[in-house]
Amino acid sequence: MNRRFEKRLLFVWLALSAITLAQLALGSLGERGSLTPNAWVTSSAIVIALIKVRVIIREFMEVRHAPVLLCRLTDLWVVLTGVSLLGFYFVGRFA
Amino acid sequence: MSAATTGAAPEVPSGSLLRKIVWHWRYDEKRELWIGWWTLVVFYNLYGLLFFVIARTQPPPKPSLTAPEIVQWFHDRHYGLLYGYAIVSIVGGATAIMNATLAYTMRRMSVSRAFAYSYLVIYALATLPGMLIMGVACTVGAMRPDRNPALMSWLYDFAFLSFEGTMGVFLIGSLVWMVAVLLDRNRVFPKWFGYLNLCNALTEVVVAPAWIFKRGVFAWDGGIAWWTNMAVFVTYTTVFLTLLRKMILREDFGTGPLPELQSDHPPEPGTREAA
Amino acid sequence: MTTLASAEPYERAATGRKADGVRFVPGQPDMWVLVLFESLVFTTYFTVYVFRRTQSPDLFLQSQAHLNLRVGVFNTLVLLVSSWSVARCVQTAREGSFRTALNNAYLTMLFGFLFLVSKVLEWVTEIEQGFSFTTDEFFSFYYFLTAIHFLHLLIGFVFLGVAVYQIKSPARRSQELVETCATYWHTIDFLWVLIFALLYVMR
């Protein structure tokens with residue numbers, strides 16, 4: 001396989017896996033006994049997840065090389081999901 | 001497009017709508033298909049009107065209502081239920097024409113005729129839980145308002161569980177259509193419609209928990225089991241009605257690939273014909 | 001899907017069309033309709049979950065504590081590897097290294113299977129501890145989201161099977177179809193990434 005593409009894929013995969021392991025630390029915050037809802041942990045979990053999703057879409061799914069319309073549509077979905085999840089979370093908790 | 005082969009008046013007359021309809025009735029070789037299509041459109045709209053506005057059984061009420069509340073529910077909808085479902089029972093037979101039209105699309109495909117036949121059987125059976133059982137149960141409940149509340153409760157559960165919970169029938173039907181579209185070489189429907197059938201099927205799986213939950217998002221009136229499912233279903237229905245219309249316009253009554261719709265100028269020779 | 005189209009991918013590989021800056025839709029555009037539509041439906045499910053969670057935060061938190069975060073992380077890593085291998089499959093197929101592409105496809109299936117086994121074991125463990133679909137609202141959502149994802153994953157195997165079938169025979173090879181199947185697989189992966197964050201990580 002073309003070395004450049006191979007290295008890029010490998011790098012992307014390693015980065016995604018590293019972020020996932022970081023989420024292990026994030027999610028371990030407030031283990032048994034000190035369980036309280038935490039808006040920071042939640043927001044970062046959602047945002048990090050969406051960053052990972054966008055990386056998967058652009059790199060693994062090759063949308064980076066796709067026509068602009070597809071780039072826009074996938075980005076639109078990512079934004080929509082973020083707004084919807086975070087929006088309903090904050091409205092539900094604080095409104 | 002089509003009329004040149006009939007040997008009859010080739011031009012659709014200008015003038016009143018009535019003249020045009022009469023012309024189509026007499027000369028249009030696709031009239032049966034158009035009757036089928038219009039039946040679908042009219043019926044779905046009527047169905048929406050009857051269930052949502054007249055009978056008001058949709059959106060569905062809560063499964064967690066108590067017996068006195070259920071009696072009240074029937075009472076509030078007394079005339080709507082009776083008249084609404086009386087109309088449903090008259091027009092219900094139209095589903096035969098609708099299902100036949102959809103089965104026709106599968107006959108036109110390059111796939112086995114078994115697809116069309118299984119679709120017909122599945123959807124013929126589907127009118128029972130999808131329309132008739134609820135109609136009967138609701139009108140039985142509405143007919144004698146002073147019936148024992150426990151019986152009214154029974155009718156209520158029976159109506160809504162049979163209507164909302166039996167999505168499995170439609171699930172298999174969607175899958176049959178999906179496989180037919182994906183295997184078809186005659187390009188009757190675009191491949192993305194095949195995939196949309198998969199979406200529709202999967203969303204119907206999601207309704208199954210309605211048998212278990214009496215409250216919350218998975219109950220028969222829940223945000224997931226009903227509202228999301230309904231949004232997907234309405235999208236899906238609108239899409240297939242539009243695609244069906246296009247298909248009928250393109251129909252050439254052959255057995256090979258359906259030609260694309262012609263634009264204002266005729267296509268270059270040799271472009272479309274390559275597979 | 002005609003086999004005559006198979007002349008094309010070799011040209012793609014040879015000219016390195018990505019370097020040309022020529023933009024192409026990965027796989028059938030039709031598959032992208034499915035991807036976007038299903039993703040929207042899942043967004044609806046996720047939103048309902050998040051909102052319901054804010055209405056009973058303590059209940060959800062306490063139930064969530066019974067989930068094993070490490071298992072969730074493991075699941076995520078496994079699917080990420082499977083996405084990586086299917087992406088490699090697409091690229092090696094594009095360059096004509098079909099033996100490697102086939103191996104990558106099999107590897108993807110293996111990782112997918114690993115996920116399935118892990119998920120079933122997790123469910124069994126939870127049920128044995130007394131947490132079932134009807135235990136409380138959190139667990140209803142947990143089983144619902146993971147089960148509907150599981151179902152999508154099973155369908156993913158069908159698509160992988162199609163990809164393998166295409167790659168194996170020189171007569172059938174269609175780069176577009178391989179890309180189409182890979183697109184579906186990646187969708188399952190990124191949906192899981194979101195499910196993981198929402199069920200296991202968020203507070």
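User: Where is B:Phe253 found?
Analyst: B:Phe253 is found in the segment after H10 of chain B. Please note that the model is a predicted one.

User: What is its phi like, positive or negative?
Analyst: The phi of B:Phe253 is positive, at about 60 degrees, although the residue is not a glycine.

User: And is B:Phe253 buried or exposed?
Analyst: B:Phe253 is exposed, because 10 other C-beta atoms lie within 10 Å and a residue with 12 or fewer counts as exposed.

User: Which residue of chain A has a positive phi without being a glycine?
Analyst: That is A:Glu62, with a phi of about 65 degrees. A:Glu62 belongs to the loop between H2 and H3 of chain A.

User: Why does A:Glu62 count as buried?
Analyst: A:Glu62 counts as buried because it has 22 C-beta neighbours inside 10 Å, and the cut-off for burial is 20 or more.

User: Let us turn to the backbone of chain B. Where is the cis peptide bond from B:Gln58?
Analyst: The cis bond runs from B:Gln58 to B:Pro59, with omega near -10 degrees. B:Pro59 lies in the loop between helix H2 (31-54) and H3 of chain B.

User: How many helices and strands are there in chain B?
Analyst: Chain B has ten helices and zero strands. Along its principal axes, the C-alpha trace of chain B spans about 70 × 40 × 30 Å. Of its 275 residues, 30% count as buried.

User: And what about chain C: how many helices and strands?
Analyst: Chain C has eight helices and zero strands. In chain C, 50% of the 203 residues count as buried.

User: What share of the contacts in chain C joins residues at least 24 apart?
Analyst: Among contacts in chain C between residues at least 6 apart in sequence, the share is 78%. For chain B, counted between residues at least 6 apart in sequence, 68% of the contacts join residues at least 24 apart.

User: Which chains have the most contacts with each other?
Analyst: Of the two pairs of chains that touch, A and C have the most contacts. Their contact takes 46 residues from chain A and 44 residues from chain C. On the side of chain A that touches chain C, helix H1 (3-27), helix H2 (39-60) and helix H3 (68-94) are the elements that give two or more residues. By class, the residues of that side divide into 29 nonpolar, 13 polar and four charged.

User: How many residues do chains B and C put into their contact?
Analyst: Chain B gives 20 residues and chain C gives 20 residues. On the side of chain B that touches chain C, helix H9 (191-205) and helix H10 (223-250) each supply at least two residues. H9(B) accounts for the largest share of that side, nine residues. The side comprises 15 nonpolar, four polar and one charged residues.

User: How far apart are the nearest C-alpha atoms of chain A and chain B?
Analyst: They are 14 Å apart, and chain A and chain B do not touch.

User: Which residues touch the most other members of the largest nonpolar core?
Analyst: They are B:Ala225, C:Cys181, C:Leu194, C:Ala197 and C:Leu198, in a core of 132 residues. The largest share of this core, 19 residues, comes from helix H8 (residues 175-201) of chain C.

User: What is B:Ala225 in contact with?
Analyst: Apart from neighbours within four places in sequence, the contacts of B:Ala225 include B:Val206, B:Pro209, B:Phe218 and B:Trp220.

User: Which residues are buried in H7(B)?
Analyst: In H7(B), the buried residues are B:Met152, B:Tyr156, B:Ala159, B:Phe160, B:Phe163 and B:Glu164. They lie on the same side of H7(B), because they cover an arc of only 100 degrees around the axis. Among what covers them are helix H3 (67-76), helix H6 (113-143) and H10 of chain B.

User: And which ones are buried in H1(A)?
Analyst: The buried residues of H1(A) are A:Leu9, A:Trp13, A:Leu16, A:Thr20, A:Gln23 and A:Gly27. Their cover includes H2 of chain A together with helix H5 (69-94) and H8 of chain C.

User: Finally, where in chain A is confidence lowest, and where highest?
Analyst: Confidence in chain A is lowest in H1(A), at a mean of 89, and highest in H3(A), at 95. Chain A averages a pLDDT of 89, and 93% of the residues score at least 70.

Technical notes. Residues numbered from 1 in each chain as written. Chains lettered and ligands numbered in written order. Predicted model: local features only at pLDDT ≥ 70, side-chain atom pairs only at ≥ 80, totals over all residues. Contact = placed C-beta atoms within 7 Å. Helix = DSSP H or I, 4+ residues; strand = E, 2+ residues; numbered from the N terminus. Nonpolar A, V, L, I, M, F, W, Y, C, P; charged D, E, K, R; others polar. Core = buried A, V, L, I, M, F, W, Y, C linked by C-beta atoms within 7 Å. pLDDT = per-residue confidence, 0-100. Arc of directions from axis to C-beta.
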